[in-house]
Amino acid sequence: MPFFKKNEKAAAVSEALPVHIGIIMDGNGRWAKKRGLPRKAGHSAGAKTFRKITRYCSDIGIKYLTVYAFSTENWKRPEDEVNSLMNLFKPYLEEALADFKDDSIVVKFIGDKAPFSDDLKKLMIENEKSSADRDGMVLNIAMNYGSRDEIVRAVKNISSDVKNGRLSENEIDEQLVSDYLYTAGQPDPDLIIRPSGEYRISNFLLWQSAYTEFVIMNKLWPDFEKSDLDEAIQIYAGRNRRYGGV
């Protein structure tokens with residue numbers, strides 16, 4: 001049974017709607033392999049699912065969505081697959097410039113942009129600048145992102161600020177560390193969804209997900225539908241979030 005009634009906005013339907021959802025977009029390669037297709041075909045199909053699910057999250061009232069698009073470890077994949085992904089990202093970002101405008105979606109990129117080509121970096125910056133004043137859902141696209149790398153970066157920046165007198169050691173607490181992460185100023189994810197049936201966090205939002213609810217779904221990302229998101233939210237809504245209490 002779907003979590004949402006047809007044509008109703010989720011914000012009006014349930015107080016249990018998560019504010020922030022994270023999605024580990026997993027299973028593109030296996031989807032292609034099952035069909036005897038090259039892995040790049042799976043990534044292309046996964047990109048279509050990304051656009052569909054992003055719009056749906058915005059439509060039902062999700063305030064923040066973080067999607068795991070390319071990890072710091074993904075550079076280890078075969079060169080032709082990495083090149084295919086880089087070639088896919090360009091039209092993917094060009095479409096985002098136009099497509100998400102009508103949805104008032106704010107686009108942010110989390111991760112280290114430095115290794116990407118100048119064209120990709122320019123498109124990332126253009127997406128962020130052009131969407132900065134919108135008032136809709138915040139979409140975080142994690143590209144060349146790794147949570148351990150993010151935490152190390154935060155520690156280095158905190159250390160530098162202490163050394164230069166901009167910060168005192170006594171000011172360092174959990175909130176300050178959060179303020180030095182890519183997701184500074186955003187609420188931690190309430191729900192992280194991992195399609196493909198894999199039971200791993202894969203270096204995704206380690207600090208931010210301390211009390212996040214996880215839902216693993218046995219469906220490859222290109223096959224992921226709006227109804228699957230509804231199901232994951234329904235599972236989340238049935239959980240009792242105690243945050244370490246009773």
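You're looking at a predicted model, where local features need pLDDT of at least 70 and side-chain atom pairs 80 or more, while totals for chains, interfaces and linings use all residues. Numbering runs from 1 along each chain as its sequence is written, and side-chain values use heavy atoms, leaving out hydrogens and water.

Now show the whole of β1, residues 20-24: 5 of the 5 are buried, so the strand is largely enclosed by the rest of the structure. Strands here are DSSP E runs of at least two residues, and helices are H or I runs of at least four, both numbered from the N terminus.

Next, bring up the neighbours. Strand β2 (residues 64-71) runs parallel to β1, joined by 5 bridges; strands pair if DSSP finds at least two. Click I24 and look across to Y68, its bridge partner in β2. Then select β5 (residues 191-194), also parallel to β1 and linked to it by 3 bridges, with I192 opposite G22.

Stay with Y68 for a moment: Y68, Y145, Y182 and F204 form one aromatic cluster. Rings of Phe, Tyr and Trp (its six-membered ring) pair if their centres lie within 6.5 Å, with planes under 30 degrees apart called stacked, over 60 edge-to-face and the rest tilted. That rule gives 10 aromatic pairs.

For one of them, pick W75 and F116: the centres are 5.8 Å apart and the planes at 45 degrees, so this pair is tilted.

Terms used
Buried < 20%, exposed > 50% of the residue type's maximum accessible area, 1.4 Å probe, protein only.
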